[in-house]
Amino acid sequence: MIRTRFAPSPTGYLHVGGLRTALYSYLFAKQKGGKFLLRIEDTDRERFVTDGTLNILKSLYWAGIVPDEGAQLGKGDTVTQKGKHGPYIQSERLDIYKEYAAELLDAGHAYYCFCNSERLEQLRETQQKNKMPTGYDGACAAMAPAEAKKRVAAGEKCVVRLKMPKDGETRAKDLIRGEVVFKNELQDDFIMLKSDGYPTYHLASVVDDNAMEITHVVRGEEWLSSLPKHIQLYAYFKWEIPEFSHLPLLLNPDKSKLSKRQGDVAVEDFRAKGYLPEAMVNFIAFLGWNPGTAKEMYSLEELVKDFSLEKVSKASAVFNLEKLDWYNKEYLRQMPLEELAKQAMPWFEKAGLNPSPNRGGARGGVWFESVLALERERVATLSELPAAVKFVFILPEYEAKLLIWRKGTLAEALKILPEIKDFLAGLKKWDKASLEIKIGEWIKEKDYATGSVLWPLRVSLSGQENSPGPYEIAEVLGKDESLKRLETAIAKLKN
RNA sequence: GGCCUCAUCGUCUAAUGGUUAGGACAUUGCCCUUUCAAGGCGAAAAUACGAGUUCGAUCCUCGUUGGGGCUACCA
């Protein structure tokens, strides 16, 4: 049984890079009929953020990535846990890490270290100055275990370091990169248990991945350098080593490391901007992976079918929003109107536009859908929708000269607008299709240039230079409102 | 500085030891058209550089350059 995990730290929000890591991990597990779990790595008490876990959970669920096991989003926005390998929150597993650390201590694979940060800092400085590789010099490794124990018992502050072999090399397999080789002489004895009793990432993640029976570790490339540490831990514990996949990182448009300074990096920011989860997932999935076919639109289900870790590219990818906009537009167009109305509703409330005014007669709630249909193909995000259709709710202020077609004249507009208004007033059927036919016939009969009628008509109805066509606007506005707006336009021209 | 790692159009990427180096987004031209959007048909745009292997390298090897990661009692 394949088991993968996503193991974020609750330091605030879910990063888009994290979303991709979670996604790839999820896709791989689902494709193989395995399980995807969520573990919370909250071993850094300084960076801990209270609602961090909740925020991550919300973003993950929003994207449709729901863990089978581990931390879950519970009712009423709470964090719950599910599964037999728990707890899945590392701060609740402190005793477990201590036990394993003790085991390594007893076996002589680890030792207490009493060096203070001043000494370590100085050591690092000298090493840098002498162009030496930096790292702990192993000073405390020489201390007799009995003495070390005595000092610990006396309450002296200390950490626990792992003894790393200093000769030969460590070879590891990575599903994306192939074999990776590290020289052991460069490996220093790293800290696995901090002086506050919390484990570092290295110890905690290895212990947990083993305890939670993780078969495939999918994580960011920033972990590649510490892979030898983890391999050594597995070796000392005599545990089976999982398969590793280190994903390439995401970059800013200037190719620097993706940062908050150069734009949004939190998944919740994109959600707040009105991006759809389908678009976000599709876009993120294609940053570093593609099926090798021309197929661009992929639902989460389709990704589960076609995704493959081996096809993930090795090079880091620029996080370029232009394509996200395109994806979002596409999904906005594909979405059933009823669903769009549901999702757009909060945005209209926020904009102070009442989405269900007593308009459109018997059509009632369907009216809102027809309003959205007007502009859905012209906006990139949900958040742009209210402003785009505001003209339906409130006729914008506009200059009289806007009513004059670029190939027409004031006199012409002044002549045609009242005529078309009278003609429309006599019509019985008021839907887009019949309006289009009737008005078309009328124009032909009168032998007017199409634009000389449609332009002023459209501007009268929308009050805008750019807008959807006059027939569809007229249908949405209804006959009374349409005629009223024509009246207004004519009055404007006469002034 | 040291170590690890990566390198195809502006961006995401496809491809093979022999191709007109393909697609998508973005840009742009034309068409459609009352405007905008959409749509249709086009255009421009890349194998970082230098050696080597080879009849032939974008592809294999080495080097250079450039980017990124790590180098924390952060993850």
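I began with helix H17 and listed its buried residues, which are Ser452, Val453, Trp455, Pro456, Leu457, Arg458, Val459, Ser460, Leu461 and Ser462. By buried I mean that 20 or more other C-beta atoms lie within 10 Å of the residue's own, whereas exposed means 12 or fewer and partly exposed lies in between, with C-beta atoms placed from the backbone. Helices (H or I, at least four residues) and strands (E, at least two) are DSSP runs, numbered from the N terminus.

I noted that this is a predicted model, in which local features need pLDDT of at least 70 and side-chain atom pairs count only at pLDDT 80 or more, while totals for chains, interfaces and linings use all residues. Residues are numbered from 1 along each chain as its sequence is written, and chains are lettered from A and ligands numbered from 1 in the order in which they are written.

Because 10 of the 13 residues of H17 are buried, I recorded the helix as largely enclosed by the rest of the structure. I then looked up what these buried residues pack against, and found helices H14 (385–393), H15 (410–425), H16 (432–446), H18 (470–477) and H19 (479–494), where contact means C-beta atoms, placed from the backbone, within 7 Å. After H17 comes Gly463, with a positive phi near 70 degrees.

Next I turned to RNA strand B, which is surrounded by 68 residues, the closest being Glu41, Lys257, Ala315, Gly451 and Gly469; a residue is near the strand if its C-beta atom, placed from the backbone, lies within 6 Å of it. H17 gives the most to this surface, with five residues.

At the other end of the numbering I checked strand E1 (residues 3–6), where Arg3 and Arg5 on one side and Thr4 and Phe6 on the other are all buried, so that both faces are covered. E1 runs parallel to strand E2 (residues 35–38) and is joined to E2 by four bridges, pairing being defined as at least two DSSP bridges between two strands. In this pair I found Thr4 opposite Phe36 of E2.

Last, I searched the backbone for exceptions, since most residues other than glycine have a negative phi and most peptide bonds are trans. The bond from Gly86 to Pro87 is cis, with omega near -5 degrees, and Pro87 lies in the loop between strand E4 (78–82) and helix H3 (94–106). Lys238 has a positive phi near 60 degrees and counts as exposed because it has 6 C-beta neighbours inside 10 Å. Lys255 has a positive phi of about 75 degrees and is also exposed, with 9 other C-beta atoms within 10 Å.

Terms used:
Two residues are in contact if their C-beta atoms, placed from the backbone, lie within 7 Å.
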